[in-house]
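Hello,

Here is the structure we talked about handing over. Please look through it first, then read my notes.

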Amino acid sequence: MKEEINKWMMLHRDYGIEMLQRFVRCDSVQGNEADVQELVQSELHQLGMKVDRFTPGDETLNHPAFCANRTDFTQSPNVVGVWKGKGGGRSLILNGHIDVVPPGNRSDWELEPYSGKVKNGRLYGRGATDMKGGNTAMLLALKCLKDLDLSLNGDLIFESVVEEESGGTGTLAAIERGYLADAALIPEPTKMKVFPKQQGSMWFRITVSGRGAHGGTRYEGVSALEKSLSVIKAIQLLEEQRNNRITDSLYENIPIPVPINIGKISGGDWPSSVPDQVVLEGRMGVIPGEELEDAKLDMRRALGAIEDDWLTDHPVEIEWFGARWLPGEVDEDHPLVGVIRRHYEEVTGKDLVIEASPWGTDGGLLQEVGNTPSIIFGPGETAVAHFANEYIEIDQMMLAAELFVHIILEWCGQYK
């Protein structure tokens, strides 16, 4: 069986490359996912799976976990394929997001961002590693199972979801539609490491008030920009304190397990005026097992503890807005981790590396809202995700596809 699966993968390498190229050449940024989902839907139909195409509805938009900055998903459908098992096996969700972040400054790209060009064993383009390569590996695994006429005992659910890059609306909609399982495998770009734990995160907006004045008599005013420096220092100290609490060995290779990042600063409206308001926007990491409200309380306490007479009399305002990702964790000895380890080590001859995820995924929603234990494991690496010249190693994508076949067979059970 192993030889047959390996031979199939070698014979279908070009098929996998061409599939990923078609996906990458679709500019599936937020609100523009319909075309690439047509391609995914076609692949699932060819596999003979029961296909469900739907957009997030009122149940999703009114759910407490909904956090998208839009309500119109007309051009952003989910596509789910279901392979019903013969019975008696464990069910498995294969979940991957099809949306990508914008390419950014195109002059930073050596190749066209949506070229899908293959060069030196790598396929280039926005979304190649995050995470259309992982989605392609899952579809290749399904095709291999079908072509080799292998049947399953447990149900297999393939999910191509939207909006992961903005908080997980697609996966939340799939959960609300009833797609649950005994476990989920999410092939985000982990460089073939297993992430049983993942941080969550929340976006925040902090408003710092000052007192305006003419720049020539700036001593008559209070610069909100200068006061914001004290706020930034307080946030840096909070980040240090929160990360010092983490003793989990899965984080030992991650310099800052749950960062707090300030990504945007704006303020002032005239060069010759003292700025009377500055707004800081950023992202706060949430520790696995931590409640979002507890993390928010940490932030409020840190801001309230700033020793500054002006800020004491004019407290900063904090708002939690936009995207958020729930943290999630499963035990390192979860049965699905054991299945992945066994096949990874048999096929590669190497030890499986288990770490904690340095970013959030839809796994938190699947675990916390869908009660579906989720493991993150896939091809590609975060070092090139969201960067110019994003790529995926084709060999690694094909290895992932081969491993997914073995993992599915053992987890769901092969029908004989």
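Below is what was found, by topic.

Please keep in mind that this is a predicted model.

Helix α10

Start with α10, which covers residues 335-348. It has 14 residues and reaches 20 Å from its first C-alpha to its last. That is close to the 20 Å expected at 1.5 Å a residue. Buried in α10 are Leu336, Val337, Val339, Ile340, His343 and Tyr344. Down the axis of α10, the buried residues fall within an arc of 160°, so they line one face of the helix.

What do the buried residues of α10 pack against? Their partners are the strands β3 (92-97), β8 (183-186), β9 (194-198), β15 (354-357) and β16 (374-376), plus the helix α12 (394-412). Just after α10 comes Gly349, with a positive phi of about 75°.

The cores

The largest nonpolar core has 69 residues. Leu92, Leu142 and Phe377 have the most contacts inside it. α12 gives the most to this core: 13 residues.

Take Leu92. Leaving aside neighbours within four places in sequence, Leu92 is in contact with residues including Asp155, Ile157, Ala183, Leu185 and Trp411. Leu336 is also one of its contacts, and Leu336 is among the buried residues of α10.

Another core lies apart from the largest one. This other core has 48 residues, among them Tyr179, Phe204, Ile260 and Ala295.

The cavity

How many cavities of 30 Å³ or more does the structure hold? One. The largest cavity has a volume of about 40 Å³. Its lining is Cys67, Ala68, Asn69, Ser166, Trp203, Gly322 and Ala323.

Best wishes

Terms used: Residues numbered from 1 in each chain as written. Predicted model: local features only at pLDDT ≥ 70, side-chain atom pairs only at ≥ 80, totals over all residues. Heavy atoms only, no water. Helix = DSSP H or I, 4+ residues; strand = E, 2+ residues; numbered from the N terminus. Expected span 1.5 Å × (residues − 1). Buried < 20%, exposed > 50% of the residue type's maximum accessible area, 1.4 Å probe, protein only. Arc of directions from axis to C-beta. Contact = heavy atoms within 4.5 Å. Core = buried A, V, L, I, M, F, W, Y, C linked by side-chain atoms within 4.5 Å. 1 Å grid on protein atoms, 1.4 Å probe; cavity = no way out; pocket = protein on both sides within 12 Å on 5 of 7 lines; lining within 4 Å. Points joined across faces, edges and corners; volume = space filled by probe spheres on them.
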